[in-house]
Amino acid sequence: MITTVTLNPSIDKTIYISKLIPNDTNRVTNVEMDAGGKGINCARMLRRLGVETTVVAMLGGKSGDFVASVLKNEGICLEAITTKTNTRSCVCVEESTGAPPTTFNERGGPIEHKELVDLLELAKNVSRESSYVVFGGSVPPGINDDIYRVLIDIASAGGAKSILDADGLALVEGLKAKPYMIKPNREEVERLLGVEFVSKSDVARAALTLGERGIELVVISLGKQGAMACQDGIIYYAQPPEVKVVSTIGSGDSMIAGVLCALENGAGVDEALKLGCAAGAATAMSNGADIGAKADVYELLSQIRVSKIKPSPITH
Ligand SMILES: Nc1ncnc2c1ncn2[C@@H]1O[C@H](COP(=O)(O)OP(=O)(O)OP(=O)(O)O)[C@@H](O)[C@H]1O
Ligand SMILES: [Mg+2]
């Protein structure tokens, strides 16, 4: 079983308009409501790919009930910590011009001490029954930034491998517990290492650096430019398929699901990266906060090429 943990889930509301006019009335052409949060997205893709999945999430109020109902409809097992505070909303405004979306994300929380204690206890129990535990997303107020370090230590003690998908301080702190896998995107790695990628070799060197820090499997996602993975000092690059992009929200989370689905079925890193790319691309083709369809994932799979690469030496 694969478990995903979401500390700060959300209701994702996507509002479609032709073009955003600030300080004026905007006519809405369509609205979509969905459950959101990195671990939740990842679990939905895992489920679509046929992997037994449990979601651990902190949920509260009517918005929390909505998230729970979405998971129930998709047949995903939910272990919820009920919070006094309502689950937050994230609003995304999508223009038909193709411009990047405008998002309004509530912070979520505050989480009470007792709720956090319950979460740690639950994490202990689910880790014993899971092959992998995915920790993803922002940390709500009331919880310290070192929470992923604590949770990864708990998962390791229970015998599960951890995947961390976080940003900023939560990522820096979480890395100290040496998760089995991380899947930052380009900007997250640039921020983490204080570098700027100019070439593919720069990305490869960053993947090697993170591998040398004790991360067994480093996957760096590069949006429409595909992804790179590093295991045992070997670097793999996946060339993505060409797709008609609708909304890339959840592409990274879907990629983690694809990688884990393949690993769970005994595949090597090259095949895992391929399925990860296919799942990410399928989600880029789907509306708003929705994730990709299984049929699209397997159709895209045959279009993805994975090759081993070596970074060229730095010449400057
Ligand atoms: N436009 C695209 N065309 C083809 N594949 C894509 C596209 N966008 C994303 N993907 C696939 O999905 C993977 C993950 O996407 P991306 O790098 O955008 O993740 P992310 O920034 O972590 O996303 P999020 O955090 O919103 O889920 C990419 O490595 C790629 O394989
Ligand atoms: Mg991401």
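Predicted model: local features only at pLDDT ≥ 70, side-chain atom pairs only at ≥ 80, totals over all residues.
Residues are numbered from 1 along each chain as its sequence is written, while chains are lettered from A and ligands numbered from 1 in the order in which they are written. In this division Ala, Val, Leu, Ile, Met, Phe, Trp, Tyr, Cys and Pro count as nonpolar, Asp, Glu, Lys and Arg as charged, and the others, Gly among them, as polar.

Of the 21 residues around ligand 1, those that come nearest are Asn185, Ser221, Lys224, Gly252 and Gly280; a residue is near when its C-beta atom, placed from the backbone, lies within 6 Å of the molecule. Helix H8 (251-264) and H9 are the elements that give two or more residues to this shell.

Now to the overall build. The protein has 10 helices and 14 strands, which are DSSP runs numbered from the N terminus (helices H or I, at least four residues; strands E, at least two). A compact globule of 316 residues would have a radius of gyration near 20 Å, and the 19 Å of the protein agrees with this; the radius is taken over C-alpha atoms, and the globule rule is 2.2 Å times the number of residues to the power 0.38. Along the principal axes, the C-alpha atoms fill a box of roughly 55 × 50 × 40 Å.

Helix packing comes next. Helix H9 (residues 269-284) and helix H10 (residues 294-301) have axes that come within 8 Å and cross at roughly 130 degrees. Axes here are lines fitted to C-alpha atoms, for helices over the stretch in contact, and angles run from 0 to 180 degrees between N-to-C directions. H9 is therefore oblique to H10, since angles under 35 degrees count as roughly parallel, over 145 as roughly antiparallel, 65 to 115 as roughly perpendicular and the rest as oblique. On the H9 side, Lys274, Leu275, Ala278, Ala279, Ala281 and Ala282 meet Asp296, Val297, Leu300 and Leu301 of H10, contact being counted when C-beta atoms, placed from the backbone, lie within 7 Å. This contact has 8 nonpolar, no polar and 2 charged residues.

With helix H5 (residues 168-175), H4 forms an angle of about 35 degrees, the axes being 7 Å apart. Tyr148, Arg149 and Ile152 of H4 and Ala170, Glu173 and Gly174 of H5 make the contact, with 3 nonpolar, 1 polar and 2 charged residues. H3 and H4 also pack at about 35 degrees, with axes 8 Å apart. There, Leu120, Ala123, Lys124 and Ser127 of H3 meet Leu151, Ile154 and Ala155 of H4.

Two backbone details remain. Most residues other than glycine have a negative phi, and most peptide bonds are trans. Gly109 and Pro110 are joined by a cis peptide bond, with omega about 0 degrees, and Pro110 lies in the loop between strand E7 (102-105) and helix H3 (113-129). Asn23, although not a glycine, has a positive phi of about 60 degrees; its place is the loop between strand E2 (10-17) and strand E3 (28-36).

Key: Contact = placed C-beta atoms within 7 Å.
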